[in-house]
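Student: I'd like a close look at just one part of this one. Could you pick a spot and walk me through it in detail?

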Amino acid sequence: MATSSVEAEYVALANATKEAIWLHTLLTELDFPSTTATMIHADNQGCIALASNPVSHSRARHIDIHHHFIQEYIEHREIRLNYVSTKDMLADVFTKALPHEAFERFRNLLGILPSD
Amino acid sequence: MVDGLPKGQKAVDSHIVFHKKQDGHENLIKFKAHIVAKGFSQIPGEDFMDTFSSVAKFSTLWIFLAYVTYLDWDLYHVDVVTAYLHGPLDEEIYMTIPEGVENLGSGYYWKLKKALYGLKQAGRQWKKRLHEVLIKFGFICTFADDCLYIKRYEGNITLLILVYVDDIAIAGPDRCHIISFKSFLGKDFEITDLGELKHMLGVLVTRDRSRHLIYLNQSAYIQRTIARFGLENSTLVSIPLAVKHDLTLSQSPTTEAEKHAFEDYAGDIHYLSLVGSLLFATQTRPDIQFVVGLVAQFSNNPGIAHLKTAKCILCYLKSTVDYNLVLGKREEGKFNLVRWSDSN
């Protein structure tokens, strides 16, 4: 159970990183090695700060250390983080019920489009 | 056929299954009879060891299709006929002779040379056999997914294939490599050449090669699901779940009366079947992923409100049945990996 939004976002980021590593492996095998660090968009400043500064934070010491592998990936420039505001957070469509306008906008961004 | 079993050996039971094969319009094509093994009578550790056999991940399939579309490669489909009969057996397996087959008398058994449908290890042995054939042709299995194989010539990828049990999607930049692979495969197995890939795992695949796009949809599956749950005449909805939804565990029935009320409301609809059907549709419709996950949380003890929401998702799919998941070159430029992370 996450006790803060930072922790919840941090665990989610760790999962996104794992998936990114897998995709990276697959694409490299397909002769599409990424030349730049994979961008991960997150909407929680605290979480980005925690992942980007590999120092110990007294208020984050309860977060299980195995999630901190993200810090190494950032350091080695395999991934980089970018802050997006909640209104541009595409992953919201997977975490909550959205109003019409936002739902349709995100659905388009996912690539789900009516037949033309 | 053998006379008697070796000491200590037990025979696996067998059975004949009769089947009428029909075409898409329910016209009879032929009668079929399969001899199958009763796998449940096999003894673990003696008649079989491991049974696990991997299949391609859906995410690998989407990346495979996006990749092929992006590069505008040819994409073909073959199907291996009676795939499970090709698996060699590591164990010595004897089987009783099914009723209706000519038999020299009791005490005679068949010793199996290859796997049969019904045997626990049939799927695993088939995969193993196919793997060997593919390696012989010069393929290497990718590290990311062991159902995705690559063949290179002078460093460049000439063929890329994705295996899903007996379905094989074949892609490559040059059609002649695809043709030679198909004829190679045809030497080891009987194959059905399905031409260009049009369906894969119940997903309809359409390409627009001039625009480097591929369209995926499960509309036939969605239509069938709507009919199965009797929602043909339901109203249309434009989003799968209202923002201020109030689904909670407290709506689960607790008393006998509430349970009866739920059963009366549900009628023939089985909640878990509905959730399972919706879950399969999320493959090409990630827009319903959240809400399907939500209704699945109440699978243990669903209430009327939960079932209403689950039905509403199906109504939403019905309203948007002509929507496709579009992959490929959506923007000019390089192939780039971008991810989004969020929690709730």
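Tutor: Quick bit of geometry: axes are lines fitted to C-alpha atoms (for helices, over the stretch in contact), with angles from 0 to 180 degrees between N-to-C directions. This is a predicted model, so local features need pLDDT of at least 70 and side-chain atom pairs pLDDT 80 or more, while totals for chains, interfaces and linings use all residues. Residues count from 1 along each chain as its sequence is written, with chains lettered from A and ligands numbered from 1 in the order written.

Let's zoom in on helix α1 of chain B, residues 58–70. It lies across β13, β14, β15 and β16 (323–328) of chain B, running at about 65° to β16(B). Helices (H or I, at least four residues) and strands (E, at least two) are DSSP runs, numbered from the N terminus.

Now for the sheet. It's an open one with 5 strands, ordered β3(A)-β16(B)-β15(B)-β14(B)-β13(B) and paired antiparallel; pairing takes at least two DSSP bridges. At the edges, each pairing on one side only, sit β3 (112–114) of chain A and β13 (199–200) of chain B. Further in, β14(B) (203–208) and β15(B) (213–217) share 5 antiparallel bridges, and Thr206(B) faces Tyr215(B) across that pair.

Back to the helix: α1(B) gives 7 residues, the largest share, to the largest nonpolar core, which has 57 residues. Such a core is a set of buried Ala, Val, Leu, Ile, Met, Phe, Trp, Tyr and Cys joined through C-beta atoms within 7 Å. Buried means 20 or more other C-beta atoms within 10 Å of a residue's own, against 12 or fewer for exposed and partly exposed in between, with C-beta atoms placed from the backbone. Phe64(B) is among the residues with the most contacts inside this core, along with Ile161(B), Leu162(B), Ala169(B) and Ile170(B). Leaving aside residues up to four places away in sequence, Phe64(B) touches Leu148(B), Leu160(B), Leu162(B) and Ala169(B); contact means backbone-placed C-beta atoms within 7 Å.

A separate core holds 24 residues, including Leu274(B), Val291(B), Leu307(B) and Ala310(B). Leu307(B) and Ala310(B) are buried residues of α8(B), as are Cys312(B) and Tyr316(B). Among the elements covering the buried residues of α8(B) are α4 (219–228), α5 (256–266), α6 (271–281) and α7 (289–296) of chain B.

To put the spot in context, chain B has 8 helices and 17 strands, and buried residues make up 33% of its 344 residues. Of its contacts between residues at least 6 apart in sequence, 70% join residues at least 24 apart.

Key: Two residues are in contact if their C-beta atoms, placed from the backbone, lie within 7 Å.
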